[in-house]
Each structure stands twice: as structure tokens, then as C-alpha cells.
Amino acid sequence: MNNDNIRELADAFRSLRLKRDLRIMEVCGTHTTEFFRTGVRDVFPEGLALIDGPGCPVCVTPNDYLDRAIEIARVHGVTVATFGDMVKVPSSYSSLAAEKAQGLHLEVVYSPLDALEFAAANPGIEVMFLSVGFETTAPTEAVAVQRARERNIGNFSILCGNKLTPPAVKALLDAGETRIDGFILPGHVSAIIGVEPWRFAADSYGKPGVVAGFEAYDLITATTTLVRLIEAKRYVVENGYARVVRDRGNPKAREIMYTVFEERDAHWRGIGIIPDSGLALRDAYADFDAWLRFPVEPPPAREHPGCRCGDLLRGLILPTDCGLFGTACTPENAVGPCMVSSEGPCSAYYKYGGL
Amino acid sequence: MCLAIPMTVKRIEGTRALAEAYGVEKYVDIVMTPDVAVGDKVIIHAGFVIERLDPESAREIEAAWDEYHRAMNDEKETGRPDGA
Ligand code: SF4
């Protein structure tokens, strides 16, 4: 495949004739960005709308999570270790970046194992890792907890805010607030969970789906396949990323994840509580649970006035429909998480010029 | 956050591997994919190999692409619109 080939494929994609207007949702935040970055969004055929879903872990994390993290750091003096995406996210009253300016100890890491090593190297301080992420990330966080146990690193804990994606898709379909004709399904979440957990969308709701990779080729072919499935009323889920995603996913990764975590109801920004859509540490790993270890009573959470992240994550609006987009809310001065996270829909629309 | 990048395994040392992409080398954890071997292309997320790239499927893409290309050329020659 070279650039000429891709251009040809893009031309063919652009001239696809749809029988009727279609609305498809991309569930994954990385897809949100990649549809823009690769230019595939610019060559969408007429009548095909791509709507953003609840697929950015930072965006769907509600304010009360970050409020708690900050309160724990304030009250118990712990060092907060986190992926970089969380640093500038506004909490109800502050942000990690603002707290850092006030003296909060912040350690930005690339891997949960880096947070563990930091704890191992600094036995005198408590290190709390902000465990946020979907099925792709949860196994890596589970390994960090297992290693902490094996190596007896007692000053390491995690604040578990992990979430599972299929229950969120089901919640959107149950709510039925917006028309969705089919789904572009997340490639790296599916690398862990496989294709099977998505079949309910086709079987019970008549919504086809295609698991997609992240290159222009993947995005165009997956979207074309999805359009064809919808038009043919073929309610199936196909794997368009077979070079990475096995139908059964990665059983070893799931085994690790479910050894350390168990399913629990979780609170999603904009959506509310979704049954069995989150992960919590099992009792056997309670020693590493920052929720239990550092009791606090954070002030009541509040939403950012005017921010429509919640509507956005349910596929009801586009970022440009938010009155604050690009004016009061920009990546440098973000009002909501959807403008902060590199894969948040507002940040993607802002960066790539919107539509 | 689920961004993950392909790298090639250079060396294996216990539960970690030295992986390389575009001349950059780094250690990654292989506990989720214990059967990786030197030379495998792998997908890295947050310091872990989360899956191996299946060379068969990767080749299938190339094959599908060739086929698509042939069909497009046929279409140009015969005027049949069933190319893709
Ligand atoms: S543009 Fe800013 S305020 Fe509006 S929905 Fe997005 S993040 Fe929220």
C-alpha cells in the first residue's frame, strides 16, 4: 500500500452512493482523532455522518473522581501518579495542574509500571496512581497491582476509575435518544475483549458493527463495510482489524484483569450510573485500594456551567454545537475534559478545524 | 488513551522484551503475550505488549489490496462498475 493506493481508495470511498442518510458512531476516542488526522473524515461520502461516542476514558470520568483524587492528595499528602492526559482536566473546583502549582506532588507516567517503580524508589512517600482507562489499559494497571504485591511495595495504591465499553454502548442503545445506524468498534479494546462482547448490538438491537484499526486503510475499509452491512440489513459484527484482534481477544490479559478487578456499577459523565460498567479492586487486593486507604469527604461535585460534554458523549450533539467551543473553551483554557484529552472530541475538532 | 503502536521484538529477557520502532528502542512487558518471539511485530500500550500482529492477516490486507487494485483496473478496461 502506498500513498497513491490510499488516494485511490479514498476517491472510491468519497464517491460511495448511499441509499439513505446514515449515522454511524465511532466508539473509540482514538478513532475520533484518527478519522481527522488521516484525513478520512474529509472524504466521507455524502449523507454519511460520523458521531462521537463515549470512547474517551478521560472524558467519561466524572468530576467526582478527580475531586476525590485531589482531596486525597490534600488531606493525606500522597503523590499523585497519572497518565499525562489527566493533568489539565478541570475537576469541580480545580485541576491537578492547578494543585501542582499549589504544591501537590505530581508524577506523570507513561506506564503504570513507571508509577510502581517510582514508589519502589521512594519508600518514604505514598504514591497513588490514577487508574483510569478502558479494557485496553486495565490489564496493565492490574499487573502493576500484582507486582506491588509480589514485591511487597506497600507505599503504592491505585484510585480505580476503570470502565468497560460494551455496557456503555448498550446504555446508549437502551436510552434511544439519538439514531445510530451502526458502530465503528474500538480496535485495541477489542484486542483484549475480542469480537464476541459486541454481538449484542447486532443480535438484540439490529445495529451492525465493524471492529476497526487505526490507519487510513483500516478506517476507510471498515466504514465501507459498515455502510454495506447497514444497507443490506445484515445485523452482524465483523472484524476489520484481524491482524491484531483475535475473535476471542487476549484471554491472558483478561485473566490478569479479572484476577485483580471485579465488575461494579460505574458513573459515566453525561450518562449516569451504568450497571456492571466499571472495575473495582477485589477484596484480596484491598491493601492497594486508595478509596479505602485514604478516606476523604470531597465537596459535592458540580458540573462546568455551559459545558456540553455529557450530551456529546451520548452522541446528541457535535462539539461545534456547544456555545463555548473555541471561544470560552480552548485546549489552552479548557472548560471540560472533552477539550483537554488528546482524544476528546472537542480537542479533535478544535485541532483539525471542525467540519 | 487506547492508542497503541506497532514495534518489533529484538530481544527477550524474562517477562520483558526489547522492542524497536523507527530506530527507537525500549523495554516492554510481555506478561500478556508470553508466546512472543524475537522478530515478532507487536502492539504496545502503556509499556506492555497487548497483542502480536498476525503476519498472515497482515498479508491478507496486502492481498485484498492487490485484488481491489486489479478490480479497479478491470473496471477501467471493461467499464464494469463492479470493481471494488
Ligand atoms: S467545547 Fe468545551 S465546554 Fe463545550 S462541550 Fe467541549 S469541553 Fe465542554
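**Aromatic contacts and strand pairing**

A:Phe325 is buried in this predicted model. Its relative accessible area is 18%, which falls under the 20% cut-off. A:Tyr350 has a relative accessibility of 34% and therefore counts as partly exposed.

Over all chains, nine aromatic pairs are found. One of them joins A:Phe13 and A:Phe44 edge-to-face, with 5.5 Å centre to centre and 90° between the planes. A:Phe13 belongs to helix 1 of chain A, and A:Phe44 to the loop between helix 2 and strand 2 of that chain, so the pair ties together parts 31 residues apart in sequence. Both A:Phe13 and A:Phe44 are buried. A:Phe325 and A:Tyr350 also form an edge-to-face pair, at 6.3 Å centre to centre and 70° between the planes. Here the loop between helix 14 and helix 15 of chain A contributes A:Phe325 and helix 15 contributes A:Tyr350, so parts 25 residues apart in sequence are tied together. A:Phe13, A:Phe35 and A:Phe44 form one aromatic cluster.

Charges also sit over rings. The charged end of A:Lys163 lies over the ring of A:Trp268, 5.9 Å from its centre. In chain B, the charged end of B:Arg16 sits over the ring of B:Tyr27, 3.7 Å from its centre.

Strand 2 of chain B (residues 16-21) is largely enclosed by the rest of the structure, because five of its six residues are buried. Strand 2 runs antiparallel to strand 1 of chain B, joined by five bridges. Six bridges join strand 2 to strand 3 of chain B, again antiparallel. B:Ala19 in strand 2 is the bridge partner of B:Val9 and also of B:Lys26 in strand 3.

Note on methods
Residues numbered from 1 in each chain as written. Chains lettered and ligands numbered in written order. Predicted model: local features only at pLDDT ≥ 70, side-chain atom pairs only at ≥ 80, totals over all residues. Heavy atoms only, no water. Buried < 20%, exposed > 50% of the residue type's maximum accessible area, 1.4 Å probe, protein only. Helix = DSSP H or I, 4+ residues; strand = E, 2+ residues; numbered from the N terminus. Pairing = 2+ DSSP bridges. Phe/Tyr/Trp six-rings, centres within 6.5 Å; stacked < 30°, edge-to-face > 60°. Lys NZ or Arg CZ within 6 Å of the ring centre and 35° of its normal.
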